[in-house]
Amino acid sequence: MDDKQAKDDERDVRAARDGDARALESLLDRHQARVFRVLRLMGILLDDRDDVAQEVFIRIFRHLGSYDARRRFDSWVYRITVNAAHDHRCRHAGRVHLDADDPGVARQIHEEAEPSGGPDAGLAAAESSRELMGLLESLSARERAIFILCDLEERTPRQVARDLAISAITVRRHLGRARRHLRRLVDEKV
Amino acid sequence: MARNHDQRHDRLTQLIRDSRNQDTGVERLSAGGRDRVLGAAWTESPTSTGIPSLFLPIRRWTWAVMAPTVALAFVFGSMFFTAEAPEAGASLLSIEKRGGQVIFNIANGGQPHRVYRSSSPQELADPSDLQPFAQAQGSFRDSVQSQAGESNLVFYRID
């Protein structure tokens with residue numbers, strides 16, 4: 001996220017606190033793609049994602065009054081999104097399980113992954129997405145969140161530490177463990 | 001061997017790269033979902049000014065109180081990891097037990113507070129699906145005796 005967006009966030013949060021409804025919409029529009037992306041990577045299935053995303057934004061807006069404006073807004077969005085995904089998975093522990101061999105799940109991944117490049121590109125993207133999601137399922141909740149934020153969302157360990165309210169050392173330790181674990185799984189597959 | 005090693009690690013790198021490049025920009029809140037989110041932000045307002053409570057100049061405060069059957073204990077502050085709980089002074093809430101009842105006195109009780117009650121702190125983290133236990137102004141009370149089948153550890157959230 002660049003500085004301009006951070007400044008836009010700052011301005012919109014201030015305006016929203018003053019009662020500007022359009023500022024809320026701007027915040028929602030600016031961050032919803034990020035929220036959906038993280039929810040998907042956290043294993044929230046397509047059918048549930050809209051509900052969980054709503055929950056995320058309701059939490060964000062409901063607690064906007066207590067948001068510390070000295071912190072970056074995107075960091076707060078990441079934290080609430082990861083927590084909401086975690087809560088959802090805990091509530092639906094038996095249901096939200098991404099089994100790459102499940103035909104329904106495979107079809108859903110394919111449908112989601114098919115980009116404008118057509119069916120072939122869609123198949124390749126679906127295969128790649130399915131493989132990655134299968135790998136992510138093998139991580140613990142914390143390792144998964146840290147790996148997603150660092151390696152897939154391209155945030156630094158220091159930023160992720162702020163996102164998740166943990167130390168940067170803990171982030172690096174879990175990230176290292178997650179990467180080693182994933183490499184081991186990839187090694188076993190080859 | 002070295003080639004195999006490169007292939008494996010290239011595969012993981014490739015998966016990461018594919019994920020970063022995947023076009024997920026199309027995924028957006030449904031129209032109904034968007035309305036619900038924006039509506040929830042605005043219907044929070046307890047006043048008629050149109051300013052939702054979350055935007056009030058006074059920071060919202062949240063307490064969670066545990067009331068077991070025999071002993072009474074309470075904790076202030078951050079019960080919920082989903083949102084930052086503002087600091088709360090110990091003088092804001094006092095609790096006393098009288099007979100079979102526990103009475104909560106809220107120091108700034110001039111304004112109405114919604115009280116939620118549950119045996120699950122997770123439920124209280126986001127009480128949007130819960131019916132408020134009470135609409136308190138100044139104080140509220142609850143029975144200390146646990147009922148049959150009910151958890152003897154009860155959590156309260158005061159917004």
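Reader: What share of the 159 residues of chain B counts as buried?

Author: A residue is called buried if 20 or more other C-beta atoms lie within 10 Å of its own, exposed if 12 or fewer do, and partly exposed in between, with C-beta atoms placed from the backbone. In chain B, 19% of the 159 residues count as buried. This is a predicted model, in which local features need pLDDT of at least 70, side-chain atom pairs count only at pLDDT 80 or more, and totals for chains, interfaces and linings use all residues. Residues are numbered from 1 along each chain as its sequence is written, while chains are lettered from A and ligands numbered from 1 in the order in which they are written.

Reader: How many helices and strands does chain B have?

Author: Helices (H or I, at least four residues) and strands (E, at least two) are DSSP runs, numbered from the N terminus. Chain B has 3 helices and 8 strands, in the order α-α-β-β-β-β-β-α-β-β-β along the sequence.

Reader: Which residues are buried on the two sides of strand 8 of chain B?

Author: In a regular strand the side chains alternate between the two faces of the sheet. In strand 8 (residues 155–158) of chain B, B:Phe155 and B:Arg157 are buried on one side, and B:Tyr156 and B:Ile158 on the other. Two strands pair if DSSP finds at least two bridges between them; strand 8 of chain B pairs with strand 5 (residues 113–118) of chain B, antiparallel, over 4 bridges. There, B:Phe155 stands opposite B:Ser118.

Reader: Which residues touch the most other members of the largest nonpolar core?

Author: In soluble globular proteins, nonpolar side chains tend to be buried together. A nonpolar core is a set of buried Ala, Val, Leu, Ile, Met, Phe, Trp, Tyr and Cys residues joined through C-beta atoms within 7 Å. In the largest, of 49 residues, A:Val38 and A:Leu39 touch the most other members. Helix 2 (residues 21–41) of chain A gives the largest share, 9 residues. A second, separate core of 10 residues includes B:Tyr156 and B:Ile158.

Reader: Where in chain A is confidence lowest, and where highest?

Author: Where pLDDT is low, the predicted coordinates should not be read in detail. This score is the predictor's confidence in each residue, from 0 to 100. In chain A the lowest mean, 53, belongs to helix 5 (residues 103–113) of chain A, and the highest, 95, to helix 7 (residues 141–152) of chain A.
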